[in-house]
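Here are my notes for you, written as a friendly colleague would. Have a look at the picture and keep it open while you read.

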Amino acid sequence: MDMIDRFIKEVEYAYENVPFYKKKLDEKGVSPLTLDASNLLQELPFTNKKDYRVNFPLGVLAKGFSINHPMLTKSQSSGTSGERLVTFEIGMNLLQRAVECARAHPVIFEAFTKPGRKICRYAAPNCSDVECANPNSTMEDRRLADGTLVLPVYHDLLTTTKEMIDRTIEEIEVYKPDLFYVDPTHFAFLIRQYENRKLTPPAIPVVTSYSAASAISRKYISRYYPESTLFSELFSSSEMGWLAMRCPEGHIHLNDESFFIELIAPTGIAEGASHFYELCVSSIDQGALPHLRYRSGDIVSVSETQCSCAHGGRIVQIEGRESHFLKRSNEGLISPANIDRIVGAPEWMQLYRLEQMNEDRFVLQMIVEEKYHAGNEQDIVRELAALLEADVQFEVVDYIPSDRSGKFQYIKRSP
Ligand SMILES: [Zn+2]
């Protein structure tokens, strides 16, 4: 069945089984029976996070499911754009989506699908979906049914104590995981801790998720985990699961097998007026919480590059959450990834955060390595100032707080 037929089947399923979609389509006068490839995208309305928050759970769950249904897996957003969103999906559907996505990177695929595989997770406690990510819990408390050990870490990453880091390194040693499933900033931090102790982290595949990997995180991770073999970046959402993954050739491929994904003009921007696209995602697997034309708020740019790997998914660059974009005085939009491409991964830089103080003033906070010399940052500061058309000051600091969600945001927009 081709993709558009699978999508139409999902529309019929959602209309028949989900009160929110029945009501929404009826209101718009759209009947699934008259939809085909020629009129589908003109007639079918978009949906967004608010629809799911307002109608959760009864309005958006498919017939036959309740939030206590034994086949369902719960996940929740870390609340990066304000309110947290709780969602559910059939565990098998989520697994199938993940497996399809992982095909982009054969080494990750093999580690993830290996029977009895063990995973170590290292990310903000909020993102780990388990109460037991609480740092004072025992190793047993933090073991999940699927073979994952959630490693302990403080909510505010850089305040994690030396004792806890020692414990984390020891737990990895004892647990002998087959795969790391980690937040990139957190894992780069952990790698520096190994280095401080003159230790080497285990050579197993690493997949980063939860937030975009900055060039600096990638610098630390790829010292031990080359991107062509052991390290891949996953792009996933709490609502839909695994949406895209980087292949060994270095390209991020969309999971076009598990989802019907449209690239649409971001809110408030006319089509064709920018090179940014919002991921608009539809499920196609008749699950517990179908999503039709769901505006994810995740922005990508499209790459014309061809990839020599076997994965057929479209190639995109992840630019960041729409809510994290910076607006320039002349109305231009600057993505978090754009900022990160300018900062890059200089040898002397350990971590940074660019904070917008007001419309025309930014502060670049940097934690630096020993090899840093005053003035090293001048090119970066000059380029940022030119791009942002604003005054950019910098300061060398020894601490940068994590976001309220526990994630580390390298861009902080003025409120
Ligand atoms: Zn590829």
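The points below go through a metal site and then some strands.

1. A quick word on the ground rules. This is a predicted model, where local features need pLDDT of at least 70, side-chain atom pairs count only at pLDDT 80 or more, and totals for chains, interfaces and linings use all residues. Residues are numbered from 1 along each chain as its sequence is written, and side-chain values use heavy atoms, leaving out hydrogens and water.

2. Start with the zinc ion: C247 (SG), H253 (NE2), C307 (SG) and C309 (SG) coordinate it at 2.1 to 2.3 Å. Donors here are N, O and S atoms within 2.8 Å of the metal (3.2 Å for Na, K and Ca); water is not among the atoms, so sites may look incomplete. Along the chain, the zinc donors are spaced C-x5-H-x53-C-x1-C.

3. Why call the zinc site tetrahedral? Because its four donor atoms subtend angles of 100 to 120 degrees, and four donors count as tetrahedral if all angles lie between 85 and 135 degrees.

4. C307 and C309 are both buried, meaning under 20% relative accessible area (1.4 Å probe, protein chains only).

5. Now find strand β3, residues 119-122. Strands are DSSP runs (E, at least two residues), numbered from the N terminus. I119 and R121 are buried on one side of β3, C120 and Y122 on the other.

6. β3 runs parallel to β4 (residues 148-150), joined by three bridges, and C120 stands opposite L149. Four bridges join β3 to β5 (residues 179-182), also parallel, with R121 opposite Y181.

Key:
Four donors count as tetrahedral if all angles lie between 85 and 135 degrees; four count as square planar and six as octahedral if opposite donors are over 155 degrees apart and all others between 65 and 115; anything else is irregular. Buried means under 20% relative accessible area, exposed over 50%, partly exposed in between (1.4 Å probe, protein chains only). Two strands pair if DSSP finds at least two bridges between them.
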